[in-house]
Amino acid sequence: MTEPLIRNISDTALWVAMYRAWESDQKNPVFRDPYARRLAGKRGEEIMSTIKAAQRHAWSYTARTYNVDSFVMQEVENGADMVVDLAAGLDTRAYRMKLPSSLQWIEIDLPDLLSYKRDILANEKPVCRLERIPLDLANPAARRGIFEELGRAAKRAIIISEGLIVYLTAEEVCALARDLATPPSFQRWATDLVSPGLLKMLQKQIGKPLGQAGAPLKFAPEEGPAFFTKCGWTPIEVRSMLQAAAKLKRLPLLFRLFALFPDTKGTKPKQIWGGVVLLGKQSTAR
Ligand SMILES: C[S@@+](CC[C@H](N)C(=O)[O-])C[C@H]1O[C@@H](n2cnc3c(N)ncnc32)[C@H](O)[C@@H]1O
């Protein structure tokens with residue numbers, strides 16, 4: 001029996017790192033991630049060359065990265081002293097972004113993924129105070145303990161998550177959201193989100209290898225970002241991938257027409273939509 005291309009959920013991090021490697025290779029890259037190709041490795045390249053549909057999605061990952069980068073910068077400028085990078089995967093923002101050296105950057109992911117990353121980046125220097133915490137986020141007691149500890153260490157923290165909640169059920173997302181809402185210093189959360197229409201499309205295009213790896217795509221709430229209001233968080237701002245990619249001149253021809261029209265009404269997305277939502281904790285969100 002040969003090994004599957006995507007062995008488990010952590011291999012999706014290799015896949016996403018390849019998108020960052022591609023963007024970094026562009027003539028005028030939106031961001032430069034000099035570690036992405038090394039981190040993606042041979043398996044990342046194989047995943048990308050085998051799953052043809054995945055290659056067409058590159059623009060949306062550039063837009064997603066850009067949207068999260070800009071929310072991080074905005075919140076750091078607003079006084080955030082900690083970034084909690086949930087399911088950080090092979091994200092290298094703590095190395096590649098212009099961040100204050102005093103900023104505490106916390107990467108949380110599964111143990112094997114974090115040790116793979118630590119080995120590859122062993123000789124690189126982060127720009128801020130980086131700590132890696134191996135943790136299974138599916139373990140509620142363990143994650144609550146870590147969130148409480150981090151919450152005590154920060155004055156004002158922003159949580160970021162990309163490519164995490166789409167793999168969870170609505171109940172799991174809400175439970176995680178409530179746990180994130182508990183520490184008083186956890187004030188903001190930037191997360192990616194897809195609409196039910198986009199979820200269906202993604203399931204059709206790239207769902208099979210993910211399902212076979214035990215990581216089916218699941219979460220796309222009908223109500224869009226408003227989903228989080230029952231779980232302790234209020235949407236503050238929504239930035240769509242389509243609009244960001246149009247602004248960054250990364251949209252393929254076919255999509256440019258769609259980008260001429262707004263793809264959200266307030267914070268309510270249209271049928272096929274993917275974006276990054278900035279959430280504020282209910283007691284503090286303005
Ligand atoms: C699609 S990747 C995204 C990685 C990174 N956020 C990015 O955008 O490059 C999904 C990540 O979620 C992590 N992950 C999935 N389930 C997890 C869990 N229960 N606890 C911790 N990390 C988890 C995987 O190991 C993987 O690194």
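Mentor: A helix axis is here a line fitted to C-alpha atoms over the stretch in contact, and angles between axes run from 0 to 180 degrees between N-to-C directions. The model under discussion is predicted.

Trainee: At roughly what angle do the axes of helix H1 and helix H4 cross?

Mentor: Helix H1 covers residues 11-25 and helix H4 covers residues 58-77. Their axes come within 9 Å. The crossing angle is roughly 85 degrees.

Trainee: Are H1 and H4 roughly parallel or roughly perpendicular to each other?

Mentor: Angles of 65 to 115 degrees count as roughly perpendicular. The axes of H1 and H4 cross at roughly 85 degrees. H1 and H4 are therefore roughly perpendicular.

Trainee: Which residues of H4 make the contact with H1?

Mentor: On the H1 side, the contact is made by Val-16, Tyr-19, Arg-20, Trp-22 and Glu-23. By class, the contact of H1 with H4 has 5 nonpolar, 2 polar and 2 charged residues. The H4 side consists of Ala-58, Tyr-61, Thr-62 and Thr-65.

Trainee: How many charged residues does the contact of H1 with H2 have?

Mentor: The axes of H1 and H2 come within 7 Å and cross at roughly 110 degrees, so the two helices are roughly perpendicular to each other. Residues of H1 including Leu-14, Trp-15 and Met-18 meet residues of H2, among them Leu-39, Ile-47 and Met-48. By class, the contact has 10 nonpolar and 3 polar residues, and the number of charged residues is 5.

Trainee: At which residue does helix H2 bend?

Mentor: Helix H2 spans residues 36-50. Its buried residues are Ala-36, Leu-39, Ala-40, Gly-44, Ile-47 and Met-48, and what covers them includes H1, H3 and helix H6 (111-120). The bend of H2 is about 75 degrees, and its position is Lys-42.

Trainee: Which proline follows the bend in helix H9 within four residues?

Mentor: Helix H9 (residues 196-212) bends by about 75 degrees at Ile-206. Ile-206 is buried, as are Leu-198 and Leu-210. The buried residues of H9 pack against helix H3 (52-55), strand S5 (186-194) and strand S9 (274-281). The proline that follows the bend is Pro-209.

Trainee: Which residue with a positive phi follows H9?

Mentor: H9 ends at residue 212. The phi of the residue in question is near 80 degrees. That residue is Gly-214.

Trainee: What is the value near which phi of Ala-87 lies?

Mentor: Most residues other than glycine have a negative phi. Ala-87 lies in the loop between strand S1 (82-86) and helix H5 (93-96), and it is buried, with 23 other C-beta atoms within 10 Å. Its phi is positive, near 55 degrees.

Trainee: Is Lys-249 buried or exposed?

Mentor: Lys-249, in the loop between helix H10 (241-247) and helix H11 (253-256), has a positive phi near 60 degrees. With 10 C-beta neighbours inside 10 Å, Lys-249 counts as exposed.

Trainee: Which residues does Ala-259 touch, not counting residues up to four places away in sequence?

Mentor: Ala-259 is found in the loop between H11 and strand S7 (264-265). With 16 C-beta neighbours inside 10 Å, Ala-259 counts as partly exposed. The residues it touches are Leu-242, Gln-243, Ala-246 and Leu-251.

Terms used. Residues numbered from 1 in each chain as written. Predicted model: local features only at pLDDT ≥ 70, side-chain atom pairs only at ≥ 80, totals over all residues. Bend = angle between axes of the 7 residues up to and from the residue. Buried ≥ 20, exposed ≤ 12 C-beta atoms within 10 Å, placed from the backbone. Contact = placed C-beta atoms within 7 Å. Parallel < 35°, antiparallel > 145°, perpendicular 65-115°, else oblique. Nonpolar A, V, L, I, M, F, W, Y, C, P; charged D, E, K, R; others polar.
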